[in-house]
Amino acid sequence: MRKNEFFLVYALLLAAQCVICNYFYLTPYVSLSLLPVMVLCLPIRISSALAMVIAFATGLAVDALSEGLLGLNALALVPVALARDGILSLLFGRELFARKEDFTVHKNGLGPVTLAIILSQALFLAVYIWADGAGMRPFWFNFARWAASLAAGTALSLIVVPALAPDTRK
(Lines give C-alpha, C1' and ligand atoms only; values in the text may rest on other atoms or scores of the structure.)
Protein backbone atom coordinates (compact mmCIF):
# COMPACT_ATOMS: atom_id res chain seq x y z
CA MET A 1 0.00 0.00 0.00
CA ARG A 2 1.33 3.39 -0.89
CA LYS A 3 1.89 5.96 1.82
CA ASN A 4 -0.91 8.25 0.58
CA GLU A 5 -3.42 5.40 0.50
CA PHE A 6 -2.53 4.30 4.02
CA PHE A 7 -2.99 7.76 5.51
CA LEU A 8 -6.30 8.19 3.64
CA VAL A 9 -7.57 4.93 5.18
CA TYR A 10 -6.13 6.08 8.53
CA ALA A 11 -8.02 9.39 8.30
CA LEU A 12 -11.26 7.62 7.36
CA LEU A 13 -10.89 5.26 10.32
CA LEU A 14 -10.19 8.25 12.55
CA ALA A 15 -13.51 9.74 11.41
CA ALA A 16 -15.18 6.36 11.98
CA GLN A 17 -13.77 6.29 15.53
CA CYS A 18 -15.27 9.72 16.19
CA VAL A 19 -18.65 8.44 14.96
CA ILE A 20 -18.32 5.37 17.19
CA CYS A 21 -17.51 7.54 20.21
CA ASN A 22 -20.40 9.92 19.57
CA TYR A 23 -23.20 7.60 18.47
CA PHE A 24 -22.52 3.96 19.45
CA TYR A 25 -22.91 3.70 23.20
CA LEU A 26 -23.58 0.02 23.83
CA THR A 27 -23.31 -0.33 27.61
CA PRO A 28 -21.14 1.08 30.39
CA TYR A 29 -19.11 -2.13 30.07
CA VAL A 30 -18.05 -1.71 26.43
CA SER A 31 -15.74 0.97 25.04
CA LEU A 32 -15.17 0.37 21.33
CA SER A 33 -11.91 1.63 19.88
CA LEU A 34 -10.17 1.24 16.55
CA LEU A 35 -7.25 3.37 17.71
CA PRO A 36 -4.92 0.57 18.92
CA VAL A 37 -5.08 -1.32 15.62
CA MET A 38 -4.59 1.92 13.71
CA VAL A 39 -1.35 2.59 15.59
CA LEU A 40 -0.29 -1.06 15.39
CA CYS A 41 -0.62 -0.98 11.59
CA LEU A 42 1.47 2.15 11.07
CA PRO A 43 4.14 1.42 8.47
CA ILE A 44 7.28 -0.27 9.85
CA ARG A 45 9.50 2.46 8.42
CA ILE A 46 7.96 4.91 10.94
CA SER A 47 10.12 5.12 14.06
CA SER A 48 8.75 4.62 17.57
CA ALA A 49 9.18 8.31 18.37
CA LEU A 50 7.20 9.38 15.31
CA ALA A 51 4.60 6.69 16.01
CA MET A 52 4.14 8.12 19.51
CA VAL A 53 3.66 11.62 18.06
CA ILE A 54 1.12 10.26 15.57
CA ALA A 55 -0.63 8.33 18.36
CA PHE A 56 -0.77 11.43 20.56
CA ALA A 57 -2.19 13.56 17.74
CA THR A 58 -4.69 10.84 16.81
CA GLY A 59 -5.86 10.42 20.39
CA LEU A 60 -6.13 14.16 20.90
CA ALA A 61 -8.14 14.51 17.67
CA VAL A 62 -10.60 11.85 18.80
CA ASP A 63 -10.86 13.47 22.23
CA ALA A 64 -11.51 16.90 20.72
CA LEU A 65 -14.02 15.71 18.11
CA SER A 66 -16.05 13.39 20.31
CA GLU A 67 -17.48 13.30 23.77
CA GLY A 68 -15.17 12.54 26.59
CA LEU A 69 -12.28 13.86 28.59
CA LEU A 70 -9.68 15.75 26.57
CA GLY A 71 -6.44 13.76 26.57
CA LEU A 72 -7.85 10.39 27.65
CA ASN A 73 -7.44 8.62 24.31
CA ALA A 74 -4.08 10.33 23.78
CA LEU A 75 -2.87 9.11 27.19
CA ALA A 76 -3.93 5.54 26.45
CA LEU A 77 -2.69 5.43 22.86
CA VAL A 78 0.91 6.61 23.34
CA PRO A 79 1.93 3.45 25.29
CA VAL A 80 0.56 1.36 22.41
CA ALA A 81 2.82 3.24 19.99
CA LEU A 82 5.75 2.73 22.36
CA ALA A 83 5.07 -1.03 22.60
CA ARG A 84 4.31 -1.46 18.88
CA ASP A 85 7.82 -2.47 17.80
CA GLY A 86 8.12 -4.90 20.70
CA ILE A 87 4.78 -6.54 19.97
CA LEU A 88 5.55 -6.88 16.27
CA SER A 89 9.06 -8.23 16.76
CA LEU A 90 7.83 -10.68 19.42
CA LEU A 91 5.12 -12.09 17.17
CA PHE A 92 6.54 -11.66 13.67
CA GLY A 93 10.30 -11.63 14.23
CA ARG A 94 13.01 -9.01 13.70
CA GLU A 95 13.22 -9.78 9.97
CA LEU A 96 10.05 -7.73 9.53
CA PHE A 97 12.07 -4.67 10.61
CA ALA A 98 15.22 -5.68 8.73
CA ARG A 99 13.28 -5.82 5.47
CA LYS A 100 11.13 -2.77 6.35
CA GLU A 101 8.16 -4.91 5.42
CA ASP A 102 4.67 -4.29 6.80
CA PHE A 103 2.72 -7.24 8.17
CA THR A 104 -0.47 -8.60 6.62
CA VAL A 105 -2.98 -11.21 7.69
CA HIS A 106 -2.33 -13.22 4.54
CA LYS A 107 1.46 -13.24 4.91
CA ASN A 108 1.78 -13.56 8.69
CA GLY A 109 -1.33 -15.55 9.55
CA LEU A 110 -4.56 -14.78 11.36
CA GLY A 111 -3.35 -16.15 14.71
CA PRO A 112 -0.31 -13.90 15.21
CA VAL A 113 -2.16 -10.85 13.85
CA THR A 114 -5.06 -11.52 16.23
CA LEU A 115 -2.63 -11.88 19.14
CA ALA A 116 -0.95 -8.58 18.19
CA ILE A 117 -4.36 -6.89 18.12
CA ILE A 118 -5.29 -8.41 21.50
CA LEU A 119 -2.02 -7.21 23.08
CA SER A 120 -2.37 -3.67 21.73
CA GLN A 121 -6.07 -3.48 22.69
CA ALA A 122 -5.33 -4.86 26.18
CA LEU A 123 -2.64 -2.25 26.80
CA PHE A 124 -4.79 0.59 25.47
CA LEU A 125 -7.82 -0.46 27.50
CA ALA A 126 -5.84 -0.98 30.70
CA VAL A 127 -4.58 2.62 30.59
CA TYR A 128 -7.88 4.03 29.27
CA ILE A 129 -10.09 2.36 31.89
CA TRP A 130 -7.66 3.11 34.71
CA ALA A 131 -7.54 6.81 33.76
CA ASP A 132 -11.27 7.03 33.03
CA GLY A 133 -12.24 5.50 36.37
CA ALA A 134 -9.71 7.61 38.31
CA GLY A 135 -9.93 5.22 41.24
CA MET A 136 -13.65 5.82 41.70
CA ARG A 137 -14.96 2.54 40.32
CA PRO A 138 -14.56 -0.88 41.93
CA PHE A 139 -12.03 -3.34 40.55
CA TRP A 140 -14.70 -5.84 39.41
CA PHE A 141 -16.41 -3.18 37.29
CA ASN A 142 -13.13 -2.08 35.70
CA PHE A 143 -12.12 -5.68 35.02
CA ALA A 144 -15.52 -6.52 33.49
CA ARG A 145 -15.32 -3.38 31.36
CA TRP A 146 -11.77 -4.25 30.28
CA ALA A 147 -12.72 -7.83 29.33
CA ALA A 148 -15.90 -6.88 27.46
CA SER A 149 -14.19 -3.99 25.67
CA LEU A 150 -11.24 -6.23 24.77
CA ALA A 151 -13.53 -8.81 23.16
CA ALA A 152 -15.58 -6.20 21.27
CA GLY A 153 -12.56 -4.14 20.23
CA THR A 154 -10.66 -7.16 18.99
CA ALA A 155 -13.62 -8.30 16.89
CA LEU A 156 -14.00 -4.82 15.39
CA SER A 157 -10.26 -4.54 14.77
CA LEU A 158 -10.19 -7.86 12.93
CA ILE A 159 -12.75 -6.41 10.53
CA VAL A 160 -10.69 -3.29 9.74
CA VAL A 161 -7.15 -4.72 9.79
CA PRO A 162 -7.32 -5.84 6.12
CA ALA A 163 -7.92 -2.20 5.13
CA LEU A 164 -4.91 -1.00 7.14
CA ALA A 165 -2.59 -3.90 6.31
CA PRO A 166 -3.70 -5.19 2.89
CA ASP A 167 -2.02 -8.02 1.04
CA THR A 168 0.40 -6.32 -1.36
CA ARG A 169 0.72 -9.36 -3.62
CA LYS A 170 -2.68 -8.77 -5.23
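**Cysteines and a helix pair**

Modeller: This is a predicted model. C41 has a relative accessibility of 6% and therefore counts as buried, the cut-off being under 20%.

Biologist: Why does C18 count as buried?

Modeller: The relative accessibility of C18 is 8%, and buried means under 20%. C18 therefore counts as buried.

Biologist: How do you know how many disulfides the structure holds?

Modeller: A search of the whole structure finds zero disulfides. The sulfur atoms of a pair would have to lie within 2.5 Å. For C18, the nearest cysteine sulfur is that of C21, 6.5 Å away, and C18 is in no disulfide. For C41, the nearest cysteine sulfur also belongs to C21, at 18 Å, and C41 is in no disulfide.

Biologist: Why are α1 and α8 called roughly antiparallel to each other?

Modeller: The axes of helix α1 (residues 3–23) and helix α8 (residues 139–164) cross at roughly 155° and come within 10 Å. Angles over 145 degrees count as roughly antiparallel, and α1 and α8 are therefore described in that way. The crossing in which α1 passes α8 is right-handed.

Biologist: Which residues make the contact of α1 with α8, and what is the contact like by class?

Modeller: From α1 come F6, V9, L13 and I20, and from α8 come L156, V160, A163 and L164. By class, this contact has eight nonpolar residues, with no polar and no charged ones.

Key: Residues numbered from 1 in each chain as written. Predicted model: local features only at pLDDT ≥ 70, side-chain atom pairs only at ≥ 80, totals over all residues. Heavy atoms only, no water. Axes fitted to C-alpha atoms, helices over the stretch in contact; angles between N-to-C directions. Helix = DSSP H or I, 4+ residues; strand = E, 2+ residues; numbered from the N terminus. Parallel < 35°, antiparallel > 145°, perpendicular 65-115°, else oblique. Left-handed = near helix turned anticlockwise from the far one by under 90°. Contact = heavy atoms within 4.5 Å. Nonpolar A, V, L, I, M, F, W, Y, C, P; charged D, E, K, R; others polar. Buried < 20%, exposed > 50% of the residue type's maximum accessible area, 1.4 Å probe, protein only.
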